[in-house]
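These are notes for a colleague who is opening this structure for the first time. Please keep the model in view while reading the numbered points.

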Amino acid sequence: MNVEGRHYRTIWTEGEGAGEVLRIIDQTALPHEFRVLDLHSVADACRAIREMWVRGAGLIGATAAWGVWLAAREAEHLSAEEFPVRMAMSMEALRVTRPTASNLVWALQRQQKALAGLCGAEAVAAAHAEARAIADEDAEFCRRIGQHGKALIEAIAARKPGQAVNILTHCNAGWLAFVDHGSALSPIYAAFDAGIPVHVWVDETRPRNQGASLTAWELGRHGVPHSLIADNVGGHLMQHGMVDMVITGADRVTRCGDAANKIGTYLKALAAADNGVPFYVALPSSTFDFSLRDGVREIPIEERSADEVRVMSGALLDGEGQSCGAASVRICPEATNARNWAFDVTPARLISGLITERGLCPASEEGVLGLYPEQK
Ligand code: MRU
């Protein structure tokens with residue numbers, strides 16, 4: 001995606017050899033400031049994921065993969081006996097940063113295979129090559145998701161000539177959630193770039209407001225027409241025929257098609273089913289967890305700090321309504337207890353289809369394995 005005329009991925013390296021540095025966009029500063037941070041160590045990578053400087057399933061996976069490269073660089077001087085022990089500790093530190101998105105464990109498993117039996121400079125080179133491959137694959141798979149999803153938008157556009165296709169999305173499954181393009185937003189960008197009129201309803205996505213701060217920001221940068229709505233508006237819009245389709249991303253999808261995504265997604269799926277609105281989930285294969293069947297019972301759901309619910313952050317406004325700094329405000333009585341589950345699971349029966357890099361499939365074991373026969 002272009003920012004101020006320059007193409008950025010969400011994670012990249014600059015420089016060469018010992019001077020090569022890993023860079024990310026600090027997503028906690030958006031939309032108010034576009035800030036690039038350097039990650040120097042595996043501890044930095046862990047902190048970036050845990051504190052959500054980077055977030056979104058694909059980007060969490062890519063950051064973990066690059067984190068393994070940083071870990072290998074830090075351990076390069078260790079003996080052939082010490083090196084794998086240190087690397088196992090670093091991978092475990094990365095693994096426990098966030099529990100729900102499959103991409104994290106998937107990326108670590110790929111790195112583990114790539115590094116098997118290696119140490120020193122050879123291991124550093126292998127970790128670098130694998131991290132680059134994971135990042136490139138993430139970007140390419142998301143691009144393909146865009147092409148497959150575009151066909152769905154095109155079909156709806158053909159039924160309402162001259163009018164915009166209204167698409168509702170929840171949270172941020174755009175460019176910022178992956179290395180490039182995004183999952184749920186990739187079809188929207190592809191349709192918009194092809195001249196299909198689209199309009200996006202952007203759920204604010206309490207408590208961290210990824211819709212308001214990230215999705216609205218990136219759609220605006222790309223010029224895609226959109227409107228920010230409060231989290232509970234979607235059902236009302238669907239009842240009044242103002243939503244043609246819903247597309248969300250996912251953090252983990254079982255082999256039977258149950259999809260974990262940002263908290264509140266399930267309620268949108270229920271409203272969509274009640275109103276006959278098609279509800280699609282877009283994901284690359286790295287987000288499938290082929291070992292699981294029943295998402296509600298088996299997918300681990302992250303519970304984050306209660307303060308994310310109790311306190312809101314944003315731009316401080318002066319008397320003229322101009323922003324003049326950042327501010328955090330508590331929105332409940334000081335003693336109020338809160339709980340903060342970050343994800344929920346939408347059962348496959350509520351999902352019209354899964355949009356993957358291999359194409360569209362029904363949200364069912366048959367459908368998923370039809371696209372991924374090697375997982376049978
Ligand atoms: O907590 P986050 O911001 O890392 O949550 C991830 C999300 O943004 C989503 O739920 C998204 O739709 C899937 S990630 C591609």
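1. Helices (H or I, at least four residues) and strands (E, at least two) are DSSP runs, numbered from the N terminus. Asn209 sits in the loop between S7 and H7. This is a predicted model, in which local features need pLDDT of at least 70 and side-chain atom pairs count only at pLDDT 80 or more, while totals for chains, interfaces and linings use all residues. Residues are numbered from 1 along each chain as its sequence is written, and side-chain values use heavy atoms, with hydrogens and water left out.

2. Asn209 is not a glycine, yet its phi is positive, about 60°.

3. Pro31 is placed in the loop between strand S4 (21-25) and strand S5 (36-39). Met52, in the loop between helix H1 (42-50) and H2, has a positive phi near 65° and is a residue other than glycine. With 4% relative accessibility, Met52 counts as buried.

4. The domain assignment gives domain 1 (2-137), domain 2 (146-305 + 333-375) and domain 3 (306-332); such bounds come from an automatic or database domain assignment. Between the C-alpha centres of domain 1 and domain 3 the distance is 32 Å.

5. Lining residues have an atom within 4 Å of a point. Grid points are joined across faces, edges and corners, and a volume is the space filled by probe spheres set on the points. By this rule there are 3 cavities of 30 Å³ or more.

6. Where does the largest cavity lie? Domain 1 (2-137) and domain 2 (146-305 + 333-375) both give residues to its lining, so the largest cavity lies between them. Its volume is about 160 Å³. The lining has 19 residues, and Arg55, Gly56, Ala57, Asn172 and Asp251 are the closest to the centre. Helix H2 (57-75) and strand S11 (259-262) are the elements that give two or more residues to this lining. By class the lining has 9 nonpolar, 6 polar and 4 charged residues (Ala, Val, Leu, Ile, Met, Phe, Trp, Tyr, Cys and Pro count as nonpolar, Asp, Glu, Lys and Arg as charged, and the others, Gly among them, as polar).

7. The second largest cavity holds about 80 Å³ of space. Among its lining residues are Gly58, Asn103, Trp106, Glu137 and Phe141. H2, helix H4 (102-115) and helix H5 (120-159) each give two or more residues to the lining, and H5 gives the largest share, 4 residues.

8. The largest pocket has a volume of about 810 Å³. Of the 32 residues that line it, Thr28, Leu30, Arg208, Ser313 and Gly314 lie nearest its centre. Helix H7 (210-222), helix H11 (307-310), strand S14 (311-317) and strand S15 (323-330) each supply at least two lining residues. The lining of the largest pocket divides into 12 nonpolar, 12 polar and 8 charged residues.

9. The second largest pocket contains about 220 Å³ of space. It is lined by 15 residues, and His181, Ser186, Tyr189, Asp193 and His222 are the closest to its centre. H5 and helix H6 (185-193) each supply at least two residues of this lining.

10. Which residues of H3 are buried? They are Phe83, Met87, Ser90, Met91 and Leu94. Seen down the axis of H3, the buried residues fall within an arc of 100°, so they line one face of the helix; the arc is that of the directions from the helix axis to the C-beta atoms.

Notes:
1 Å grid on protein atoms, 1.4 Å probe; cavity = no way out; pocket = protein on both sides within 12 Å on 5 of 7 lines; lining within 4 Å. Buried < 20%, exposed > 50% of the residue type's maximum accessible area, 1.4 Å probe, protein only.
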